[in-house]
Amino acid sequence: MTTACLMTTYQPLALSFTHGLGTRLWDQQGREYLDAVAGVAVTNVGHSHPRLVKAISEQAGLLLHTSNLYGIDWQQRLAQRLARLSGLDQAFFNNSGAEANETALKLARLHGWKKGIEQPLVVVMENAFHGRTLGTMAASDGPSVRLGFQRLPGDFIKVGFGDLTALEAVTREFGPSIVAVLLEPIQGESGVQVAAPGYLKALRAHCSQHGWLLMLDEIQTGIGRTGTWFAFQQEGIVPDVMTLAKGLGNGIPIGACLARAPVAKLFTPGSHGSTFGGNPLACRVGCTVLDIIEEQGLLENAARQGERLLARLRVELSEHPQVLTIRGRGLMIGIELATPQRDLAERAAREQGLLLNVTRGKVIRLLPPLTLGSNEVEMIVRGIARLL
């Protein structure tokens with residue numbers, strides 16, 4: 001496998017796959033792997049799902065693109081489905097998660113403009129990750145992501161994730177200029193950081209009190225990853241804005257920004273747009289993904305198998321000197337290690353036939369398809385135990 005003509009933005013393993021089915025992938029030598037990464041929380045319903053294969057094939061033979069100069073039936077259908085599931089009102093479709101977050105940030109700016117705030121501020125979280133466009137990098141944290149790209153656009157205030165005291169402090173100092181809070185319900189790239197129960201509910205109340213938008217980046221947590229359609233539903237709240245991508249397309253590029261009606265109406269014709277966003281193929285795939293999750297009971301399976309995987313990992317690794325903590329929700333789990341293990345993903349693939357991800361150098365991140373079964377839970381537990 002040669003990468004000579006590719007820009008050096010990635011450091012891929014010396015591993016390439018020819019095909020997949022369900023939770024499994026096969027490499028060019030025919031070796032089988034258990035996929036506990038799912039394309040970084042993308043292939044939620046598994047590889048090569050027959051319903052998706054059929055939908056993609058049919059739609060490719062009918063219509064791929066007309067642009068948003070015309071109505072797109074599948075776009076309307078997907079927007080209605082997502083609005084019904086989330087409790088939000090309207091959707092804008094993008095091609096990626098970063099674009100969805102850019103859409104949310106534009107809504108925040110318009111919210112401030114409508115209120116007469118000349119320099120609106122958005123509160124974001126330390127160790128957050130929202131994308132790699134200049135705007136979403138500015139809202140993210142971590143020197144490796146931002147190195148070489150200063151000065152970044154946008155005005156953001158960073159507070160500790162889960163720290164309500166810090167939020168109160170910035171409210172006292174900058175309150176009149178703040179227009180929104182943007183955060184991941186569970187921080188993914190920073191190592192599956194889970195806030196204490198009640199945190200999102202407290203944020204909802206705080207934003208409502210001060211007239212700010214609560215904007216949730218559910219790009220990684222959404223579409224059933226945590227055992228409910230969206231992670232915010234586990235706290236009984238509804239945000240003002242939510243962004244989605246990853247699992248919504250199961251590998252077909254799509255992003256979405258949903259908002260309550262008063263916020264969505266801040267956009268007017270010409271104030272935002274996308275050439276490819278919401279095309280018939282991507283939106284038909286999105287609808288089919290939702291169908292599969294509902295019909296196969298994958299929300300319940302993600303919650304059940306996630307609990308089993310967490311419990312089994314804690315039993316098997318509780319006494320291991322390298323393991324500091326094991327945390328997560330649904331099928332989004334992080335195992336934090338005492339020291340960096342940068343070759344662990346390569347060793348897992350080579351020695352155990354197990355695909356996993358190591359983020360922040362020392363957190364094993366598990367994001368298997370929502371179709372994961374009990375036997376595969378045991379395979380993951382055994383594989384990690386042997387590696388460590």
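Reply: Phe17 is partly exposed because its relative accessible area is 32%, where partly exposed runs between buried (under 20%) and exposed (over 50%), with a 1.4 Å probe and protein chains only. This is a predicted model, where local features need pLDDT of at least 70 and side-chain atom pairs pLDDT 80 or more, while totals for chains, interfaces and linings use all residues. Residues are numbered from 1 along each chain as its sequence is written, and side-chain values use heavy atoms, leaving out hydrogens and water.

Me: How many aromatic pairs does a search of the whole structure find?
Reply: The search finds three; rings of Phe, Tyr and Trp (its six-membered ring) pair if their centres lie within 6.5 Å, with planes under 30 degrees apart stacked, over 60 edge-to-face and the rest tilted. One of them joins Phe17 and Tyr33, edge-to-face because the planes are at 80 degrees, with ring centres 5.6 Å apart. Phe17 is in strand β1 and Tyr33 in strand β3, 16 residues apart; strands are DSSP runs of E, at least two residues, and helices runs of H or I, at least four, numbered from the N terminus.

Me: And is Tyr33 buried or exposed?
Reply: Tyr33 is buried, at 4% relative accessibility.

Me: Which residues lie nearest its centre?
Reply: Gln75, Ala91, Phe92, Phe93 and Phe267, out of 31 lining residues. Helix α3 gives the largest share of that lining, five residues.

Me: Switching topic: what does UniProt list for "binding site"?
Reply: The unreviewed entry lists Gly97, Ala98, Phe129, Asp217, Glu218, Ile219, Gln220 and Thr275. Of these, Thr275 is included in the lining of the second largest pocket.

Me: What is Gly97 in contact with?
Reply: Leaving aside neighbours within four places in sequence, Gly97 touches Ile219 and Ala245, contact meaning heavy atoms within 4.5 Å. Gly97 lies in helix α4 and counts as buried, at 12% relative accessibility.

Technical notes. On a 1 Å grid over the protein atoms alone, a cavity is a set of points where a 1.4 Å probe fits but cannot get out, and a pocket is an open set with protein on both sides within 12 Å along at least five of seven lines; lining residues have an atom within 4 Å of a point. UniProt positions are given in the numbering used here, feature names are shortened, and annotations may be inferred rather than shown by experiment.
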